[in-house]
Amino acid sequence: MKQYLSAYILATGLVLGSCADLEQSSISSIDKDNFYQSKEDIETAINGIYQEFSVDGFYGMYNNQSIYINDLQSDYVKAGALTNSAHIRELSNFAIQPTNLFVSYAWEEHYTAINRANVVIDKLTDASWLDEQSKQNYINEARFLRGLMYFNLVRYFGGVPIVLHDGEGEGAPRNTVDEVYRQIVDDFTAAEALPSDYSSRDSKPSSLSSSAMLSKVYLVWAQTLTDEGKASQRDFYQKAIQYAQKVIDSGKYRLIDKFIDNWSVDKKNGPEHIFSIEHDHSINANVTGHCTFGTNWSDSEPVLLATSDKYYTQMDPKDQRRDGSWAKRIYNPNTGADFEFTIPRFRKYIDSLNFANPASSGNVAGQSTNTTVIRYAEILLIKAEAENELNGPTAAAYDAINQVRRRAYWSPYLNIQNTPSDGSSLDLSGLSQDEFRQRLREERRLEFILEGQRWFDLVRWHILIKYVKANTPSDAETIGTKTTKAQNVSKKNYLLPLPQNQITLNPNLEQNWGYSGESGDGPYGSEYE
């Protein structure tokens with residue numbers, strides 16, 4: 001495993017052109033051995049961890065990477081005609097290779113952030129000059145961020161090397177999936193000791209955001225089909241419920257009335273946000289905002305768009321998530337009239353406050369939009385899912401999922417509660433366990449459009465191949481650029497390949513099954529559909 005041990009980013013620039021392969025800027029660094037002399041030094045070092053979330057411009061972890069890996073690898077998002085990058089098309093068509101740059105940057109950026117967290121933890125553990133409360137807060141903040149990095153890595157690659165101290169890791173073999181999850185739980189559990197009001201910004205962790213992440217970790221771990229995941233499945237579901245309930249009972253978070261406000265640049269750190277990645281287009285832009293709306297008011301295909309308009313037309317117009325997630329028409333300040341798209345754009349990353357500003361061209365509209373890691377709606381759906389898997393569709397499961405549905409059908413403009421257009425009941429009831437499971441999965445699909453969730457969900461439910469083949473639009477249904485998703489998806493796509501350059505550097509790393517020409521089902525049994 002390649003070492004990324006010394007640099008902390010002090011400043012980084014972002015150069016934006018088309019959504020293609022971009023040249024990367026060099027990183028400024030500091031001397032970690034002589035640096036930790038004050039709280040200001042510590043905070044600068046911790047900021048170095050956060051900065052890794054949005055370095056490398058186009059390939060940045062939370063600039064584009066999470067969306068490109070997790071949404072392009074699904075049925076409903078494709079690479080548009082303006083995509084001139086083979087790396088994007090590989091993701092879009094389930095043809096990903098070990099040389100894919102998104103895969104390489106994912107590995108490198110996550111391990112760089114992990115090592116920066118390790119340096120902070122190592123340096124502060126014996127820092128006698130620092131008061132104990134501050135020391136523990138800084139260490140636990142770093143542990144939260146390290147836990148988040150390992151949670152991403154284990155879902156991307158499976159078992160990965162666990163590196164917990166500066167200077168370690170070279171030549172390290174892969175740990176098991178269960179071992180990685182134990183480390184993730186240890187880190188987030190430690191981070192629960194943070195104050196609940198550690199920061200006024202949701203881009204900094206707290207005790208409650210740690211509990212929120214634990215609820216999600218235990219839900220996912222319960223579904224991994226590993227030895228410990230299967231043996232402790234019921235216990236893990238119960239823990240997912242308990243941690244979700246802790247967040248709910250705190251009263252700190254709530255569903256906001258207007259769904260789209262979760263992505264408004266003037267409403268950051270709102271009551272639904274639990275943990276997010278901060279973006280500012282002049283510093284660390286969310287490049288997804290460019291890649292979904294870079295073609296502005298035209299029918300030219302941006303780099304990220306839907307495979308078909310069916311995802312918009314099939315949604316209930318009374319469900320505010322339709323127009324909060326899709327832009328079928330949007331006001332064009334250049335003409336003074338609405339422009340209607342043949343294929344709707346992704347609405348969450350269009351900054352309607354700023355794209356009409358003469359100082360902010362349409363190309364940067366959305367690049368100040370924060371990336372949501374976890375929000376309150378997901379806590380409710382985690383509770384509903386875990387409760388149903390553990391005990392069937394209980395009253396608690398119905399209450400949690402119906403809160404999300406009621407918000408979806410709330411009219412924030414008329415201040416009234418709508419009900420579905422087909423006359424069905426707004427509140428779910430009377431379902432079998434499997435019927436509830438399917439409705440829960442549908443609610444997640446509708447709720448988290450282009451939030452970096454979909455591939456993770458299809459993988460953990462073990463339905464990736466079946467779902468993509470059944471739901472990807474046919475060539476006749478697809479508008480514009482065609483895809484080969486349904487033809488290419490296979491069991492190897494349940495994980496990403498390890499980057500080829502890392503295997504070259506560390507021969508103790510073994511490539512994931514299917515990426516070296518293997519055929520058949522490999523380690524994936526009949527449970528993986």
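Two residues are in contact when they have heavy atoms within 4.5 Å of each other. Take the contacts in this chain between residues at least 6 apart in sequence: 72% of them join residues at least 24 apart. The model is predicted. Its chain holds 19 helices and eight strands.

**Overall shape**
- Along the principal axes, the C-alpha atoms fill a box of roughly 65 × 55 × 50 Å.

**Inside and surface**
- Of the 529 residues in the chain, 61% are buried.
- The chain exposes about 19500 Å².

**The largest pocket**
- The largest pocket holds about 760 Å³ of space.
- Its lining counts 33 residues.
- Nearest the pocket's centre lie Gly158, Gly159, Val177, Leu495 and Tyr528.

**What lines the largest pocket**
- Which helix gives the most to the lining? H16 does, with four residues.
- H16 spans 454-460.
- Helices H5 (132-157), H6 (177-191) and H7 (207-221) also supply at least two lining residues each.
- By type, the lining of the largest pocket divides into 14 nonpolar, 11 polar and eight charged residues.

How values were computed:
Residues numbered from 1 in each chain as written. Predicted model: local features only at pLDDT ≥ 70, side-chain atom pairs only at ≥ 80, totals over all residues. Heavy atoms only, no water. 1 Å grid on protein atoms, 1.4 Å probe; cavity = no way out; pocket = protein on both sides within 12 Å on 5 of 7 lines; lining within 4 Å. Points joined across faces, edges and corners; volume = space filled by probe spheres on them. Nonpolar A, V, L, I, M, F, W, Y, C, P; charged D, E, K, R; others polar. Buried < 20%, exposed > 50% of the residue type's maximum accessible area, 1.4 Å probe, protein only. Areas by Shrake-Rupley, 256 points an atom, 1.4 Å probe, with all protein chains shown as cover.
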